[in-house]
Amino acid sequence: MRVFRAAIGVLGELLVTAGVIVLLFIAWQTGYSVMIEGRAQTEVVQQLEEQLGQGDTAVLPELPEAPLVDTPAPTLDDGSVMAIIRIPKLGKGWARPVYEGISLPVLAKGPGRYPHSAMPGQVGNMAIAGHRNTHGHPFFDIDQLGVGDPIVIETRSSYVVYRVARWVIVSPTESDVVAPVPQKPSAKPTEAWLTLTTCHPKFSPTQRYIVFAKLDRVVPRKAGPPPEVRALERFGPAEVASDGVEVAGVDALGVDVDDAVAAVPFRRAAREVA
Amino acid sequence: MYAALWRVLPGGRAAKILWCLLLFLVAVVILFVWVFPAVAPLLPFDDVTVATGLGGHSGGARV
């Protein structure tokens with residue numbers, strides 16, 4: 001009888017211990033790992049911005065000039081940084097690196113581009129996956145995005161501005177959402193789209209939350225950051241002049257940013273290419 | 001199990017409580033730094049992509 005009691009006691013302690021470990025795991029996944037990895041992703045962007053600010057644009061890979069129609073896409077190394085994604089609606093100065101690839105180790109570092117999806121600004125569909133809950137949860141607040149909200153993909157040569165058009169919740173098997181024409185797998189693409197995929201609902205892998213954004217325009221890097229991201233960013237220390245007046249028209253390189261506003265609208269550029 | 005641990009720990013009650021806290025913290029660090037990162041990929045909470053064969057399905061201009 002005494003042995004039986006002792007065994008029950010040990011079993012109870014083991015169960016309590018297991019419960020505490022599960023609670024610790026939840027704390028780790030929703031708090032600790034999100035905090036540590038979210039900060040790490042932000043730091044990657046800050047480092048990129050610093051190097052880009054010094055004119056070292058080679059930190060981002062050379063991509064085909066957007067918009068393009070029939071240039072073959074370059075092969076990028078799996079897990080390498082290929083661009084920066086900026087979504088002002090998700091927070092002041094919100095920016096994350098975009099990695100090449102969608103394997104778990106890559107997505108643990110930050111949002112990843114579906115291999116073989118379109119390049120930024122390219123006719124077709126650029127698809128990016130990102131975590132909703134864990135690993136710095138870059139797309140935690142993705143359901144806050146509304147029609148018209150800008151999503152800017154910063155590449156070596158340009159700022160590619162997309163605007164949210166619509167969103168859907170689908171099952172994980174619906175791969176049509178990343179088709180060249182979203183949800184029309186056999187259609188021939190004539191427009192440039194961006195698709196973000198993440199899990200839904202929060203803390204559950206049962207569905208996918210999908211945001212579709214349509215290309216608005218492509219702003220060359222030399223024209224400076226477009227107004228969509230400029231006001232919220234840390235572009236250079238000279239954002240506020242000594243007299244306190246915001247120097248909205250001048251970027252870190254001293255280029256008149258009005259050029260950015262006057263950048264070639266995509267429709268016209270597409271006509272020129274066609 | 002924990003009663004045996006309590007008996008083994010040296011010192012008076014205060015010292016034993018401090019030892020317990022220390023051991024708990026060590027366990028938490030081991031879990032957070034090594035165990036949980038290794039276990040997380042085996043659980044389904046990480047799935048954020050839609051199924052693709054990765055075989056040029058969503059190809060851009062080339063399609």
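Within helix H1 of chain A, A:Phe25 and A:Trp28 sit three residues apart, about one turn of the helix; helices here are DSSP runs of H or I of at least four residues, strands are runs of E of at least two, and both are numbered from the N terminus. This is a predicted model in which local features need pLDDT of at least 70 and side-chain atom pairs count only at pLDDT 80 or more, while totals for chains, interfaces and linings use all residues. Residues are numbered from 1 along each chain as its sequence is written, chains are lettered from A and ligands numbered from 1 in the order in which they are written, and side-chain values use heavy atoms, with hydrogens and water left out.

Over all chains the structure holds five aromatic pairs. The rings of A:Phe25 and A:Trp28 have centres 5.6 Å apart and planes at 35 degrees, so this pair is tilted. Under the rule applied, rings of Phe, Tyr and Trp (its six-membered ring) pair if their centres lie within 6.5 Å, with planes under 30 degrees apart counted as stacked, over 60 as edge-to-face and the rest as tilted.

H1(A) also lies across strand E1 (81-86), strand E2 (95-100) and strand E5 (150-154) of chain A, and runs at about 90 degrees to E2(A). Contact means heavy atoms within 4.5 Å, and axes are lines fitted to C-alpha atoms, for helices over the stretch in contact, with angles running from 0 to 180 degrees between N-to-C directions.

The strands of chain A form a closed barrel of eight, in the order E1-E2-E3-E4-E7-E8-E6-E5, with mixed pairing; two strands pair if DSSP finds at least two bridges between them.

| Strands (chain A) | Sense | Bridges | A residue and its partner |
|---|---|---|---|
| E6 and E8 | antiparallel | twelve | A:Ser158 and A:Pro220 |
| E7 (192-200) and E8 (207-220) | antiparallel | eight | A:His200 and A:Gln207 |

E5(A) and E6(A) form a hairpin with three residues between them. A:His200, whose bridge partner in E8(A) is A:Gln207, is joined to A:Pro201 by a cis peptide bond with omega of about -10 degrees, and A:Pro201 lies in the loop between E7 and E8 of chain A. In another loop, between strand E3 (112-113) and strand E4 (124-129) of chain A, lies A:His116, whose phi is near 75 degrees, a positive value in a residue other than glycine.

Cavities and pockets are found on a 1 Å grid over the protein atoms alone: a cavity is a set of points where a 1.4 Å probe fits but cannot get out, a pocket is an open set with protein on both sides within 12 Å along at least five of seven lines, and lining residues have an atom within 4 Å of a point. Grid points are joined across faces, edges and corners, and a volume is the space filled by probe spheres set on the points.

There are four cavities of 30 Å³ or more. The second largest cavity has a volume of about 60 Å³, and of the ten residues that line it, the closest to its centre are A:Leu63, A:Pro64, A:Thr155, A:Ser157 and A:Ser158.

The second largest pocket has a volume of about 310 Å³. Its lining includes A:Val16, A:Ile21, B:Tyr2 and B:Phe24, and at least two lining residues come from each of helix H1 (2-53) of chain A, helix H1 (2-8) of chain B and helix H2 (13-39) of chain B.
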